[in-house]
Amino acid sequence: MYSLTVRDHMMIAHSFRGEVFGPAQRLHGATYVVDVSFFRRELDADSLVVDIGLASEQLKDVLSAMNYRNLDDEPDFEGRNTSTEMLAAVVADRLAERIAAGALGPGAAGLERVAVTLRESHVAWATYERDL
């Protein structure tokens, strides 16, 4: 299995509902380093997993919808705790939609899986993987 990973980051504000979150129930910020890995069994006709430039552009665009935003105010997240795990799934799902629409080029049609890792700090991160 081949993989290619691109990286970006986003800065958000949010709060959580529920006693389990302790002081994180108050509004706070998070800066995430976001890694996205694309997987396929065979390279495309150009010997690529996916075009790095297109993958980087699409990741940046997906993150721009959340970057420098208070997620508590975003309609897409109304009534939901925007945990690191949940946000990793959101990024993966939004990228999967773009892959299906051809935004990562025709060679991306052979992608089988995507994994998104949000690194909240040097000691804590979450990953969501999904088939395409």
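Me: Before the details, what counts as a salt bridge here?
Reply: A salt bridge is a side-chain nitrogen of Lys or Arg lying within 4 Å of a carboxyl oxygen of Asp or Glu. The model is a predicted one.

Me: How many salt bridges does that rule give?
Reply: The count by this rule is 8 salt bridges.

Me: Which residues are linked in a network of salt bridges?
Reply: A network of salt bridges links Arg7, Asp35 and Arg119. Asp35 pairs with Arg7, with the closest N and O atoms 2.5 Å apart. Asp35 also forms a salt bridge with Arg119, where the closest N and O atoms are 2.9 Å apart.

Me: Where in the chain do Asp35 and Arg7 sit?
Reply: Asp35 belongs to strand 2 (residues 28–40) and Arg7 to strand 1 (residues 2–14). The pair links distant parts of the chain, 28 residues apart.

Me: And how far apart in the chain are Asp35 and Arg119?
Reply: They are 84 residues apart, with Asp35 in strand 2 and Arg119 in strand 4 (residues 113–119).

Me: Is Asp35 buried or exposed?
Reply: Asp35 counts as buried, because its relative accessibility is 8% and the limit for buried is under 20%. Arg7 is exposed, at a relative accessible area of 56%, while Arg119 is partly exposed, at 28%.

Me: Why would such side chains pair at all?
Reply: Side chains of opposite charge can pair when their charged atoms come close.

Me: Moving on, which residue does Asp93 meet in a salt bridge?
Reply: The side chain of Asp93 meets that of Arg130, at 2.9 Å from N to O.

Me: What is the exposure of Asp93 and Arg130?
Reply: Asp93 is partly exposed, with a relative accessible area of 29%. Arg130 is likewise partly exposed, with a value of 26%.

Me: Since helix 2 came up, at what angle do helix 1 and helix 2 cross?
Reply: The axes of helix 1 (residues 52–64) and helix 2 (residues 84–100) cross at roughly 130° and come within 10 Å. The two helices are therefore oblique to each other.

Me: Is the crossing left-handed or right-handed?
Reply: The crossing of helix 1 and helix 2 is right-handed. On the helix 1 side, Gln58, Leu59, Asp61, Val62 and Leu63 make the contact, and on the helix 2 side Val91, Arg94, Leu95 and Arg98.

Me: How does that contact divide by residue class?
Reply: The contact of helix 1 with helix 2 has 5 nonpolar, 1 polar and 3 charged residues.

Me: On to the loops: which one holds Pro23?
Reply: Pro23 is in the loop between strand 1 and strand 2. Pro23 is exposed, with a relative accessible area of 57%. The C-alpha atoms of Pro23 and Arg40 are separated by 41 Å, with the two residues 17 apart along the chain.

Me: What is the phi of Ser47?
Reply: Ser47 has a positive phi of about 65°, although it is not a glycine. Ser47 is in the loop between strand 2 and helix 1, and it is exposed, with a relative accessible area of 51%.

Me: What about the phi of Tyr68?
Reply: Phi of Tyr68 is near 55°, again a positive value in a residue other than glycine. Tyr68 is placed in the loop between helix 1 and strand 3 (69–70). Its relative accessibility is 65%, so Tyr68 counts as exposed.

How values were computed
Residues are numbered from 1 along each chain as its sequence is written. This is a predicted model: local features need pLDDT of at least 70, side-chain atom pairs count only at pLDDT 80 or more; totals for chains, interfaces and linings use all residues. Side-chain values use heavy atoms; hydrogens and water are left out. Axes are lines fitted to C-alpha atoms, for helices over the stretch in contact, and angles run from 0 to 180 degrees between N-to-C directions. Helices (H or I, at least four residues) and strands (E, at least two) are DSSP runs, numbered from the N terminus. Angles under 35 degrees count as roughly parallel, over 145 as roughly antiparallel, 65 to 115 as roughly perpendicular and the rest as oblique. A crossing is left-handed if the near helix is turned anticlockwise from the far one by less than a right angle, and right-handed if clockwise. Contact means heavy atoms within 4.5 Å. Ala, Val, Leu, Ile, Met, Phe, Trp, Tyr, Cys and Pro count as nonpolar, Asp, Glu, Lys and Arg as charged, and the others, Gly among them, as polar. Buried means under 20% relative accessible area, exposed over 50%, partly exposed in between (1.4 Å probe, protein chains only).
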